[in-house]
Amino acid sequence: MMSTPPDGLLTLSDTSSDPLYRQIYDRFRSAIAEGALKPGDRIPSARALAKDIGVARGTIEVAYSLLAAEGYIQSRGQAGTVVTPGLQPQTPLAPPSVQKPDEKQDGSWIRPAALLPFQMGLPALDVFPRKIWARLGARHLRAQQAADLSYPAPNGLLSLRTATAAYLQVARGIQCTPAQVFITSGYNNTMQLILQALFKPGDAVWMEEPGYPPTRALLGQAGMQAVPVPVDADGMVVDAGMTAEPRARGAVVTPAHQSPLCLSLSLPRRQALLDWADRSNAWIIEDDYDGEYRYVGRPLPALKSLDRQGRVLYAGTFSKVLFPGLRLAYLVVPEEQVPRFERLCLLLAGGAPALIQGILASFINEGHFGRHIQRMRRLYSERRETTAAGLSAVLGEHLHIEPQPGGMHLVARMRGHQTDRALAARMLSHGMYAHALSHWYQGPESQSGLLMSFTNIGSAEQAEQLARRIQALA
């Protein structure tokens, strides 16, 4: 049975401090808790409800994704979406802890169920060679033996580690053996492995300011102190780090494209950082999340390629290059640390599915990976230019798009007095996705801007249409 929307859902407040997706989420949740919507009741589709209440379909999808993630509703495919059977409406569930849009974490960190314009961290999913991937997958499935159904190697499939080592030697200038390569299930898994192997609670770790907020959260979760170190046009200011915390046990850096400002760590700074690590017996974690995508000249060699003292741990990812559903990343550790990491991997009993690793190994070995990178480099260069031009044509009075040598997103600086957090929250409530730059700062002296991916913006016309939607919100 199709149930009508909860009472009051058609009269959303434009003056509320909560974005529209949060208001919709709260009304559905209250209706379920109070029994107005009963277990098994079918709720309106996102398309139908968006039309009824006059908001963007993406806004409804964000609200529905939250409700589904917390177990309030379930998708039944063509049968529609229903309130989860078995819920007890007479026992209202405790409200979740929700931070307001002007706090350190907001809706911009939600992973919506549907792809939203400008969404960060996603490659161009429309041009991934799915037919090639499917053919390789079918071949691996047909060739599976009984032994292939056993537990995967905790440090990763040998064929994938070998292929990764060969790729890094050619593409990033890193001399390493397959034994030094560890396959992980993503950046967070990589960081957790490093922190458990080489650090202890109470250690201080330098972190770029601004810097990737999940890294800061991972350090805090491990009981470590994230020390903000400013960046300038040459990247992390090493002297400032030594002044702020000379006894730091490590540093997390993004040398190829500083996250999020897309600056490159200069050669003198790279040498200074390596010298500091050697003298201090400290570790450098190099997060090379999109080093393949440089549009001015050739991609820069990795910091790891300059490491002669075994102080750099190199973290890369396949998920941002291919597709995030792959959930595969890799870590290159100094040769002396291989036994320690092998023991830890065995203890944690991790390991991504061997089938997916095998498909990826074939994808690399048969040349598809290298060709895909080359195609994406050309495509991203075009989409970056057209997206920046479309946004600037409409929003030039509100935003300034900073030039940058590479990366997968634009840095749009705010003009005037509007805050980036308020605009990012309004964009999310209207079906668009941007990160507020100020959230990436740990200290009080933050800067205002929007971080907007261009990888899935197909044309200047699409960019201009989206810019006009932002203009209406600004």
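**Notebook: contacts, sheets and cavities in a predicted model**

I began at Ser-305, whose side chain reaches the backbone oxygen of Ala-302 at 2.5 Å. I count such a polar contact as a pair of N or O atoms within 3.5 Å; within protein, one must be able to donate a hydrogen and the other to accept it, and residues adjacent in sequence count only if both atoms are side-chain atoms.

I note that this is a predicted model, in which local features need pLDDT of at least 70 and side-chain atom pairs count only at pLDDT 80 or more, while totals for chains, interfaces and linings use all residues. Residues are numbered from 1 along each chain as its sequence is written, and side-chain values use heavy atoms, with hydrogens and water left out.

**Ser-305, continued**

I placed Ser-305 in the loop between strand 9 (283-287) and strand 10 (312-317). Helices (H or I, at least four residues) and strands (E, at least two) are DSSP runs, numbered from the N terminus. Ser-305 counts as buried because its relative accessibility is 13%; buried means under 20% relative accessible area, exposed over 50%, and partly exposed in between (1.4 Å probe, protein chains only). Leaving out residues up to four places away in sequence, I found Ser-305 touching Arg-172, Gly-173 and Ile-174, where contact means heavy atoms within 4.5 Å.

**Asp-148**

I next looked up Asp-148, in the loop between helix 4 and helix 5 (158-171). Asp-148 is partly exposed, at 40% relative accessibility. Its side chain reaches the backbone nitrogen of Gln-145 at 2.7 Å. I also checked Asp-148 against Gly-86: the two are 62 residues apart along the chain, and their C-alpha atoms are separated by 39 Å.

**Salt bridges**

How many salt bridges does the structure hold? I recorded ten, a salt bridge being a side-chain nitrogen of Lys or Arg within 4 Å of a carboxyl oxygen of Asp or Glu.

One of them joins Asp-126 to Arg-383, with the closest N and O atoms 2.9 Å apart. This pair links distant parts of the chain: Asp-126 sits in the loop between strand 3 and helix 4 (130-143), and Arg-383 in helix 12 (residues 368-395), 257 residues apart. Asp-126 is partly exposed at 47% relative accessibility, whereas Arg-383 is buried at 9%.

Arg-139 and Glu-366 also meet through their side chains in a salt bridge, at 2.5 Å from N to O. Arg-139 belongs to helix 4 and Glu-366 to the loop between helix 11 (354-365) and helix 12, so this pair ties together parts that are 227 residues apart in sequence. I found Arg-139 partly exposed, with a relative accessible area of 34%, and Glu-366 partly exposed at 32%.

A further salt bridge runs between Asp-203 and Lys-200, whose closest N and O atoms are 3.3 Å apart. Asp-203 is buried, with a relative accessible area of 6%.

I traced an open sheet of three strands with the order 1-3-2 and antiparallel pairing. Its edge strands, each pairing on one side only, are strand 1 (42-43) and strand 2 (73-75). Two strands pair if DSSP finds at least two bridges between them; strand 1 and strand 3 (residues 81-83) pair in the antiparallel sense over two. Arg-42 stands opposite Val-82 in strand 3.

I then traced an open sheet of four strands, with the order 12-13-15-14 and antiparallel pairing. Strand 12 (399-401) and strand 14 (435-436) are its edge strands, each pairing on one side only. Five bridges join strand 13 (residues 409-414) and strand 15 (residues 449-453) in the antiparallel sense. Val-411 has Leu-451 as its bridge partner in strand 15.

In helix 7 (residues 213-221) I found Pro-213, Pro-214, Thr-215, Arg-216, Leu-218 and Leu-219 buried. Their cover includes helix 6 (187-198), strand 5, strand 6 (225-232) and strand 8. Just after helix 7, Gly-223 takes a positive phi of about 80°.

I logged two cavities of 30 Å³ or more. A cavity is a set of points, on a 1 Å grid over the protein atoms alone, where a 1.4 Å probe fits but cannot get out, and lining residues have an atom within 4 Å of a point. Grid points are joined across faces, edges and corners, and a volume is the space filled by probe spheres set on the points. The largest cavity holds about 70 Å³ of space. Its lining includes Tyr-187, Met-207, Glu-208, Thr-215, Val-252, Val-253 and Asp-287. Strand 5 (204-209) and strand 8 (250-253) are the elements that give two or more residues to this lining.

Note on methods
On a 1 Å grid over the protein atoms alone, a cavity is a set of points where a 1.4 Å probe fits but cannot get out, and a pocket is an open set with protein on both sides within 12 Å along at least five of seven lines; lining residues have an atom within 4 Å of a point.
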